[in-house]
Amino acid sequence: MTEEFNLKYVEYRESFNAVLDKFCNDISTVPEVLGESMKYSLLLGGKRIRPVLMFAVGEALGVEREKLAPFACALECIHTYSLIHDDLPEMDNDDFRRGKPSNHKVYGAANAVLAGDGLLNTAYSLLFGECFKGSEHISAAKFICDAAGIYGMIAGQSADILHENDSVPNEDALEFIYENKTAKLLIAAVTVPAVLKGGAYYSELKQFGKKLGYLFQLTDDILDASGSFENLGKTTGKDDKEGKLTAVKLYGLDACKLRADIVGDDCHKILDGLQGDVEFLHELVNFVKARVN
Ligand code: GRG
């Protein structure tokens, strides 16, 4: 990755973090623990890859960040809720997230369920708040809701649970899980600017998000099998222990690395068909492929 890419990534991320700080400052709940537990997970850090992607595509298409900020914030709230619920003992049972104790380890499982619910609900509230601005805003809001819902991320998580301990690993099931659990929110991140721009490069960006999501989950599986707690900030080796259907289980570690190269190339090819400055997005694909956390 070039120094220019690193600086730009930090600039996008910090500009989003400023939006998120303001959003968090405005959260004031009774009882206090509700808002506190929501903010705990939102502000734990994380790569902020979804907002960064949204801002970067927005810049390539000429959509202002201020216009995207509420959508990016809603998406990060939904992503954070999914991580809180995923870490619960009844789901993935992880005591650590982003290098810190998971939400339920700090606030207890019942409060963690509510923190997740609160984040999801607040995301919808934010999205509804945008809808009076016009039909493109309504379409963008609906796109995020659908991506997160029962034909998106929740379906992916449901399939992930269903296929645990399958005696024969199944490629179609794996692709369904990848597309829904992981790719749908990344697809939303890259298509929201297109929708707000009246549909510019919508199909290409949707396809790009799908491939990037596949690559993102592929590297996640590779990191779970071969990464470290220090880099990842969460327990590794759990997929295998829990009998998860992963690409590493289906194809083996070396084949997964080859697949990552092929899917990365697919992402670059899609970007080559877009006009505008997409150099940052090309580098982001390489960043996802080489990521260690
Ligand atoms: C519980 C409804 C519900 C859904 C859970 C998204 C998800 C479905 C579970 C989270 C666990 C997981 C492995 C999800 C796949 C997507 C993924 C790799 C998420 C981690 O996202 P990063 O790496 O996290 O962007 P940071 O911490 O950087 O924000």
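Which charged end sits over the ring of Tyr251? The charged end of Arg259 does, 3.6 Å from the ring centre. A charge sits over a ring if NZ of Lys or CZ of Arg is within 6 Å of the ring centre and within 35 degrees of the ring normal.

This is a predicted model: local features need pLDDT of at least 70, side-chain atom pairs count only at pLDDT 80 or more, and totals for chains, interfaces and linings use all residues. Residues are numbered from 1 along each chain as its sequence is written, and side-chain values use heavy atoms, with hydrogens and water left out. Helices (H or I, at least four residues) and strands (E, at least two) are DSSP runs, numbered from the N terminus.

**Charges and rings**

- Arg291 gives another case of a charge over a ring: Arg291 lies over the face of Phe216, at 3.9 Å from the ring centre.

**Aromatic pairs**

- The structure holds eleven aromatic pairs. Rings of Phe, Tyr and Trp (its six-membered ring) pair if their centres lie within 6.5 Å; planes under 30 degrees apart count as stacked, over 60 as edge-to-face and the rest as tilted.
- One of these pairs is Tyr12 with Phe280. The ring centres are 5.0 Å apart and the planes stand at 70°, so this pair is edge-to-face.
- Tyr12 is in helix H1 and Phe280 is in helix H15, so the pair links parts of the chain that are distant, 268 residues apart.
- Both Tyr12 and Phe280 are buried. Buried means under 20% relative accessible area, exposed means over 50%, and partly exposed is in between (1.4 Å probe, protein chains only).
- Phe143 and Tyr202 form an edge-to-face pair, because their ring centres are 6.0 Å apart and their planes are at 90°.
- Phe143 belongs to helix H7 (residues 135–148) and Tyr202 to helix H10 (residues 202–226), 59 residues apart.
- Is Phe143 buried or exposed? Phe143 counts as buried, at 17% relative accessibility. Tyr202 is partly exposed, with a relative accessible area of 27%.
- Ring pairs also link Phe5, Tyr9, Tyr12, Phe280 and Phe287 into a cluster.

**Helices H14 and H15**

- Two packed helices are described by the angle between their axes and the distance between the axes.
- The axes of H14 (residues 253–272) and H15 (residues 279–290) come within 10 Å and cross at roughly 170°. Axes are lines fitted to C-alpha atoms, for helices over the stretch in contact, and angles run from 0 to 180 degrees between N-to-C directions.
- H14 and H15 are therefore roughly antiparallel to each other. Angles under 35 degrees count as roughly parallel, over 145 as roughly antiparallel, 65 to 115 as roughly perpendicular and the rest as oblique.
- Ala260, Asp261, Gly264, Cys267, His268, Leu271 and Asp272 in H14 meet Leu281, His282, Val285, Asn286 and Lys289 in H15. Contact means heavy atoms within 4.5 Å.
- By class, this contact has five nonpolar, four polar and three charged residues. Ala, Val, Leu, Ile, Met, Phe, Trp, Tyr, Cys and Pro count as nonpolar, Asp, Glu, Lys and Arg as charged, and the others, Gly among them, as polar.

**Helix H2**

- The buried residues of H2 are Gly35, Ser37, Met38, Tyr40, Ser41 and Leu42. Their cover includes H1, H4, E2, helix H5 (103–107) and helix H6 (109–131).
- Leu42 is buried, with a relative accessible area of 0%. Among the residues that Leu42 touches are Leu20, Phe23, Glu76, Thr80 and Leu119.
- Leu42 and Thr80 are 38 residues apart in sequence, and their C-alpha atoms are 6.3 Å apart in space.
- Ser41 is buried too, with a relative accessible area of 6%. Leaving aside neighbours within four places in sequence, Ser41 is in contact with Thr80, Ile84, Arg98 and Asn103.

**Loops and backbone**

- A cis peptide bond joins Val30 and Pro31, with omega about -5°. Pro31 lies in the loop between helix H1 (3–25) and helix H2 (32–42).
- Asn93 is not a glycine, yet its phi is positive, near 50°. Asn93 lies in the loop between helix H4 (65–87) and strand E1 (96–97), and at 41% relative accessibility Asn93 counts as partly exposed.
- Arg98 also has a positive phi, near 55°. Arg98 lies in the loop between E1 and strand E2 (100–101).
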